[in-house]
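User: I am new to reading protein structures. Please take me through a few features, with the general idea before the case.

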Amino acid sequence: MGQCRQCLPGALAIAGMAVVFLPVLPGLLPLAQGLELAVWRGLLADAQTLVALRVTVISSVVSTLLALLLALLLTMALYPGPRWPALQRRLPALLAMPHAAFAIGAFFLLAPSGWLARWLAPLAGWDVPPDWQTVRDPYGLSLGLLLAVKEAIFLLWMLAAVLQEGALQRQMTLARSLGYGRWQVWWLCLLPQVLPRLGWPLLAVLAYGVSVVDVALILGPGSPPSLAVLAWRWLADPELALQARGAAASWLLLLVFLLLCGCGLLLWRLLRAAWRQPHGRRWAGASWQPRWLAWPLLGFCYLLALALLLWSLAGPWFFPAALPQSWTLAGWQQLDTAPLFTSLGLGLASAGIGLALVLLWLECGPPALSRWLYLPLILPALPLAAGQYHALLMAGLAGSGFGVVWSHLLWVVPYMLLTLYKPYLEFDTRMITLARSLGLSHWQRCWRIKWPLLLRPILAALAIGFAVSIAQYLPTLFAGGGRFATVTTEAVALSSGGNRRVLAVQAMLQLVLPMLMFALATLLGQWAGRHRQGWR
Amino acid sequence: MKKRIASCLLAALGLVLPGMLAAKPAATADWAAVSREARGQTVYFNAWGGSEAINAYIAWAAAEARKRYGLRVEHVKTGDTADVVRRIQLEMSRKHDGSVDLLWVNGENFKTLKDGGLLFGPWAEQLPSWRHVDLQKPVRVDFSEPTAGLEAPWGTAQLTFIADRQRVSAPPRSAAEWLAFARANPGRLSYPRPPDFHGTTFLKQLLLELTPDAAILARPVNEAAFARATAPLWAYLDQLHPLQWQQGRAFPPSAAEMHRMLADGELRLSLTFNPNEAANLIAAGQLPASSYSFGFRKGTIGNVHFLAIPGNARASAGARVFANFLLSPEAQARKADIAVWGDPSVLTAAALAGHAKAATAAPGALREAVPTLPEPHASWVGALEREWLKRYGTR
């Protein structure tokens, strides 16, 4: 990185990123109308605001803390051990499952008329669904719990990266050999090292929980919805006063996020103060290792994918039947393929452009600025998407394909950078030195040595960029001016409708598209490396 | 009822006369010019996209328009029309070219657009297909707001209830019976959460029946009138909600979701704005075959839905040509066909005679004659929704 002597590529790298990131700033100006005192009075006087705020705080705090707890529990139970790599291999596929598809599958499983209730119906003697609130409860608890499951997968993925460094495993071996029990080593030695590394991923999880709209529409309460949904509805209201209120709600969302961050930091300080130095007592017995712990998590994810598949093929299927009365391919045959191809096009374009930008940046960009590029991941998406929309309106590009791809890049680029950063950093510089000594120019070195050797991480980054683009909901709606129907916008729009078959088909597509891309990336990587042993 | 019809007719006459005086003899020549201009244009038709049947119909109409008029029609599937209205407002305030060429609209969204001067036209009554329109239907007022030729009628609708004969043999046929039914079936009734369109319509239905003087509702709302007219409604809802699904603390997000809940037995009754909806859903395997439609004894709210062109539309000629096709007897008859969409036509029976399939009601469709009650003035919608949200929006 940074060996580039020419100024032009460096300037190009900065310009490329600037085009993706900077126009959002002037776009945020119209949101300034939400800073006026009168607007805030209106916002706070609205009876929905405080209840919606409660939903947002409960669901985002529950999702963040519980996701952390789940991820840590799983890691502590499985690492180090043979099940850990097995779990790790399954993570990318689960990670690629878009949030909206996950939420729809969870709804199919857990709703009072869902699949689980249908299995229970003969035992409980239900002939109609119970009048329960297993989803869409007014406190946002079910929203928080299900977000936690999804985010736990993300945290596990981040943990896997941290644990790949051998040092921790050596410490574990050493401490065990000194007679400390497994859980004791984790608590005394590993957690204090691992937790700080999870700070940024946790911020991302919190930011997502605070500003998520698509999952909240599917699993969250309706009266009132979470603050993000409310803010989004207000921003989309024809009445100008309500638009201003929506802008104010966006700022409130940001404020809540910062306050929660502060609370999290405080919590961390308290926890650190509570940590004591090892006192020498050994609890060797505390080595119980529940290896099955990953199964409930994995099983839940597989079951909800199965529920989606069944419902996409179901004919009439009314409660309390455990299986459809008949099967049909109608949902797939009558499929409107336009959203599929729109998604595919947007995903390929943003992943392709994203890769070019990220590679250029890693090669020639100033590394000191890299951290700023992760900002979109740890900020609530709603104000950013609204800012993008205003920026596109100013440029006269709202509702264009270019505008939508550009809006996706704000999230695609950071995730791709996140994926490629470490492999790039760890690249053996002796190769480059050798290549230079052979007289290869900068781009020849990249093209003939570095990038082919980094092909697998590059393919993985492409797949991740594609998956991120597929899952975008708010930016697609805002920047696309409603003109771009993708599998995600269709799935969310249909989730308030009644036809579960059509909904299941869209959710399946949403699920399958990124999976296919991941499979393709893996296969291509293996194919390219078929004659090269030990090639990463 | 008779008085109401008479006043409607008078109002309609008041609208017709100026229109007739302004009519130009050169209409045919104008239309030829419009058709020429339309060829090759792309029309972005923003219409609610939550129903497969409707989407499939629009796709058919778009394909026909391409074949016949060399016109490309893109269906932009929208969720909430208010979203589109806002986009038009924003674009026009910044003098941008429009992203919307034709819009499916009625009620307060139309009023917002009309009051803001955001619409193209008048154009609707210059369409060649206009001569087929049944002027007996309220095609020139939209929620008591004169359309002034700024929007063309597309279809009619009437609030209709659905039940399953397996579970409900004697459905409620008035607001009072609805409450009694809720008492007998606690936790099994609900309505979509306002400001969902169907939820708000249900509120208006109750209001029409419960309010002491329904005539007030035809005039623009004011604070005193609102308080007086709606007091019985809130008293009624205070009694109804604790008996509802989830004790009235939660509401289904949409009527479509209610149909699903009806099919699973989670709810006993559902509602729709399309008298043929239950038949459609039975045919699609989404409702049990034992489902049926019914209305209230004294009638239910009915209205017309319209097509409008924003003032900044890029393809206003194309939009008019497409609207004219949608208003043609052929397209209207197809739309009314239960196997296609089942949306009742706005044309005269005579115009449809050559095209319409025998209008035998499919199983599940509304078979009884339910009187049509007029919509309250559009200004009541916002006031009702705001008050509802204030009272029940945060439980």
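Analyst: We will go through helix packing, a strand and a pair of domains. This is a predicted model, in which local features need pLDDT of at least 70 and side-chain atom pairs count only at pLDDT 80 or more, while totals for chains, interfaces and linings use all residues. Residues are numbered from 1 along each chain as its sequence is written, and chains are lettered from A and ligands numbered from 1 in the order in which they are written.

User: At what angle do helix 6 and helix 15 of chain A pack?

Analyst: Two packed helices are described by the angle between their axes and the distance between the axes. Helix 6 (residues 99-110) and helix 15 (residues 294-312) of chain A pack at about 80°, and their axes are 8 Å apart. That makes helix 6 of chain A roughly perpendicular to helix 15 of chain A (65 to 115 degrees).

User: Which classes of residue make the contact of helix 6 with helix 15 of chain A?

Analyst: Contact requires C-beta atoms, placed from the backbone, within 7 Å. There are 11 nonpolar residues, one polar and no charged. Nonpolar means Ala, Val, Leu, Ile, Met, Phe, Trp, Tyr, Cys and Pro; charged means Asp, Glu, Lys and Arg; the others, Gly among them, are polar. Helix 6 of chain A contributes residues including Phe102(A) and Gly105(A), and helix 15 of chain A residues including Leu304(A) and Trp311(A).

User: Is strand 6 of chain B buried or exposed?

Analyst: A residue is buried if 20 or more other C-beta atoms lie within 10 Å of its own, and exposed if 12 or fewer. Eight of the eight residues of strand 6 (residues 151-158) of chain B are buried, so this strand is largely enclosed by the rest of the structure. Strand 6 of chain B runs antiparallel to strand 10 (residues 300-308) of chain B, joined by seven bridges.

User: How far apart are the C-alpha centres of domain 1 and domain 2 of chain B?

Analyst: Domain bounds come from an automatic or database domain assignment. The centres lie 28 Å apart.

Terms used:
Axes are lines fitted to C-alpha atoms, for helices over the stretch in contact, and angles run from 0 to 180 degrees between N-to-C directions. Helices (H or I, at least four residues) and strands (E, at least two) are DSSP runs, numbered from the N terminus. Angles under 35 degrees count as roughly parallel, over 145 as roughly antiparallel, 65 to 115 as roughly perpendicular and the rest as oblique. Two residues are in contact if their C-beta atoms, placed from the backbone, lie within 7 Å. Two strands pair if DSSP finds at least two bridges between them.
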